[in-house]
Amino acid sequence: AYCYTFNNDSQFKSNMYYENFSDISIEDIVLSPQTEQKRIAEINLMGSEFQFDLPLGENQKYTFGTSILLGEMNQNIYKEGITTTSTTKEIPKGSKTDNYSFYFQPDIKLKPWCEVVPGIRYQYDSDFGSFVAPKLNISLMPTDKLIIRFGYGLGYRVPNLKERYYFFDHSAIGYQVMGNKDLQPEQAQNFQLGFDYKINEKFRINLNLFFNFIKNLIDTEIDLEQSEIKGLQLFTYKNISRAETNGLESSFEYYFKKNIKGTLGYNYLNAYDKDTDNYLTKSSKHQIKVGFEYSIEAWHSEILINWVYQSKQYIDENNTLTSPAWHTLDIRMNKKFGKWISCFAGLKNVFDVHREIDATGNLDFRPAVGRNLYIGMEYNVNF
């Protein structure tokens with residue numbers, strides 16, 4: 001990442017990255033001398049983003065930017081017999097994708113109490129062509145304690161390589177996920193209305209209402225027929241032609257003391273297929289978050305405690321199979337040593353809540369990883 005500020009306070013930012021993901025799944029009969037089947041998947045992603053912020057006076061700022069994402073995926077099966085070995089290339093032609101986008105966003109303060117932020121993004125994808133997505137956000141501040149936000153945007157997302165081609169084999173814990181090469185991009189109209197109210201120095205409330213109307217939503221569904229044949233749960237990606245999500249996101253922040261902060265969050269989600277009126281899979285109606293932060297200035301450290309509850313989810317599109325409600329508790333401690341070194345340790349999922357397979361072979365959507373103890377150190381250098 002690189003950032004440079006000019007004399008007129010304009011700023012240039014750039015970021016480049018490279019990611020390599022590989023996965024190997026093996027089917028092996030213990031009594032045989034060879035490995036019957038090995039599947040190797042590899043995804044390479046290379047991306048960059050460049051942004052230029054140009055302020056004009058005290059009340060205007062203009063942002064110009066571009067991003068590039070290049071991706072490639074390969075997936076092969078190696079089958080080993082007693083005397084022969086065969087290789088099958090699972091990914092068809094078209095496993096490469098190039099994505100380019102350009103965006104422009106003015107930020108204009110019309111009045112001390114009114115700010116308008118329109119924007120537009122042009123995107124080109126080598127597999128799905130061009131798309132233009134506008135947006136508009138308005139922020140009003142009628143009093144020093146209250147901020148009201150309105151937002152509208154046209155969302156657009158092309159399916160990534162994993163969703164189109166990747167075969168995720170977790171047979172050991174009862175499920176597989178298949179890509180779908182016929183997926184189409186999803187489009188959405190997004191509306192938001194938010195309120196941020198600071199009651200006093202100790203107590204703050206944030207509420208956000210949202211309505212999203214989605215075309216070709218990319219979702220996962222269980223294939224009951226293939227699941228019964230294979231004896232495990234087989235999921236695949238699909239497009240839902242018309243979907244709608246609406247709900248409420250809320251958070252409450254309270255300082256018991258200067259160094260002790262408590263947070264409470266509640267989210268409500270109504271997400272359904274408009275053609276069938278069934279609830280969308282992997283969508284919880286209710287989510288509750290409770291957190292505490294305790295800072296110990298004399299020790300240059302802090303303790304974080306977070307508890308999350310999530311209500312049940314539907315596994316299949318017909319809403320006949322459900323994944324149970326669950327909750328997790330995480331504890332973490334951070335400590336600084338001087339200006340450059342930070343150490344941390346924690347325990348995730350204290351109660352060891354994780355997904356299981358029941359007597360009928362049904363798998364749930366609770367966390368894949370159970371209790372996890374970790375410790376680490378960071379060294380930060382400022383140039």
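Reader: How many helices and strands does the protein chain have?
Author: This is a predicted model, in which local features need pLDDT of at least 70 and side-chain atom pairs count only at pLDDT 80 or more, while totals for chains, interfaces and linings use all residues. Residues are numbered from 1 along each chain as its sequence is written, and side-chain values use heavy atoms, with hydrogens and water left out. Helices (H or I, at least four residues) and strands (E, at least two) are DSSP runs numbered from the N terminus, and for the protein chain they come to two helices and 22 strands.

Reader: What share of the residues of the protein chain counts as buried?
Author: A residue is called buried when its relative accessible area is under 20%, as found with a 1.4 Å probe and protein chains only. The protein chain has 383 residues, and the share of them that counts as buried is 35%.

Reader: Which residues are in contact with Ile218, leaving aside its neighbours within four places in sequence?
Author: Contact means heavy atoms within 4.5 Å. Ile218 belongs to the largest nonpolar core, and, with those sequence neighbours left aside, its contacts are Arg157, Pro159, Glu163, Leu183, Gln184, Glu186, Tyr237, Lys238 and Asn239.

How values were computed:
Buried < 20%, exposed > 50% of the residue type's maximum accessible area, 1.4 Å probe, protein only. Core = buried A, V, L, I, M, F, W, Y, C linked by side-chain atoms within 4.5 Å.
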